[in-house]
Amino acid sequence: MRPLADAETRRIAVEDAQRSLLVEASAGTGKTKTLVDRIVHLVVDEEKPLASVAAMTFTEKAAGEMKERLRRRLDEVARESDDASRRARAGAVRRDLDSAEVSTIHSFCARLLRERPVEARVDPEFVTPEEGVALELFEEVFEEWVDGAARAGGPVADALRRGLSPAALRDLAATLHAERTLVLSCTVPDDPLPYVRAEIDGLADLGDRVVDEVPSGFRADAKVLFLRSAIDELRGLLDLDLDALAAFRPVTEISFRPGRKGLFTGELKARAEEFRDGWKELPARLASLHGERLLGRLGAAVRDGCLGRLAEAKRARGLLDFDDL
């Protein structure tokens with residue numbers, strides 16, 4: 001039987017215990033076997049304590065399968081190895097296998113939290129709710145929060161007044177809740193001005209590059225002059241406030257068809273078309289700024305209000321869902 005083309009790579013993945021390794025491969029190519037062989041190498045050949053190994057996966061089924069395959073592999077080594085000491089070590093590890101940390105990521109996290117509830121600031125008897133229970137609690141907290149927020153005014157009331165449906169607001173809250181690890185660790189921007197100014201500046205720079213690359217004999221061409229005029233308009237937008245930007249209507253019209261022989265060909269044509277498209281889309285882009293600002297403020301309101309209340313409700317009930325774990 002011919003050896004596998006990546007046999008040496010597989011050997012390294014099993015035996016190189018001095019490095020952290022990433023094994024990426026398609027289904028059915030031997031990732032679990034490699035992992036099991038690596039664990040056996042660690043605890044039998046390297047004589048590492050079984051308690052120092054943590055093998056984690058995503059589902060209970062996969063974790064059970066991995067432990068069973070590890071059990072069979074240890075039985076095989078204990079029965080068939082030519083080295084008596086190796087057989088003895090494999091047998092000893094096999095007897096301790098039920099205490100091995102072969103589990104799902106969530107089970108592993110739950111065990112650590114139950115061992116250290118004070119340090120983790122969690123209820124030592126916390127419960128991981130089923131999906132239906134977690135959803136019911138989310139709906140209850142959201143309804144209470146959105147009712148109070150709508151009555152209090154602010155971004156929630158403004159959004160509903162502008163036509164945002166309660167269902168869409170609920171979907172936004174659900175999305176932010178699902179991504180709360182990221183949302184709670186960053187700033188939700190509620191001022192689109194710095195970002196749109198950077199976009200405008202970038203579009204003007206693109207126009208400058210297009211003009212600079214036009215052959216010298218065409219610098220006075222009407223199409224190039226239109227480009228220069230559009231660039232000047234862009235530069236004039238950089239000092240405007242949000243209201244003025246949202247009301248912007250361009251004076252310059254760029255309706256040329258890039259491709260005239262000797263002008264706007266090849267890569268220059270592609271850049272000219274990119275500038276033209278950006279210029280034409282700019283008014284609609286700027287008209288959305290008020291909505292963007294409101295969306296940012298709405299996101300911050302959901303984060304600080306709804307998500308905060310939901311965290312308090314779970315804490316009061318001693319609940320930690322999968323993401324909390």
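**View 1. Crossing of helices H7 and H9.** The axes of helix H7 (residues 131-152) and helix H9 (residues 166-178) approach within 11 Å and cross at roughly 125 degrees. Axes are lines fitted to C-alpha atoms, for helices over the stretch in contact, with angles from 0 to 180 degrees between N-to-C directions. In H7, Leu135, Phe138, Glu139, Phe142 and Val146 meet Pro166, Leu169, Arg170, Ala173, Ala174 and His177 of H9, contact meaning heavy atoms within 4.5 Å. The model is predicted: local features need pLDDT of at least 70 and side-chain atom pairs pLDDT 80 or more, whereas totals for chains, interfaces and linings use all residues. Residues are numbered from 1 along each chain as its sequence is written, and side-chain values use heavy atoms, without hydrogens and water.

View 2. Buried residues of H2 include Thr34, Asp37, Arg38 and His41, where buried means under 20% relative accessible area (1.4 Å probe, protein chains only). Their cover includes helix H1 (7-15), strand E1 (54-57), helix H3 (60-80) and helix H4 (84-95). Glu47, which follows H2, has a positive phi near 60 degrees.

**View 3. Lys67 in helix H3.** Lys67 lies in helix H3 and is buried, with a relative accessible area of 17%. Not counting residues up to four places away in sequence, Lys67 touches Leu97, Asp98, Ala100 and Val102.

Terms used: Buried means under 20% relative accessible area, exposed over 50%, partly exposed in between (1.4 Å probe, protein chains only). Helices (H or I, at least four residues) and strands (E, at least two) are DSSP runs, numbered from the N terminus.
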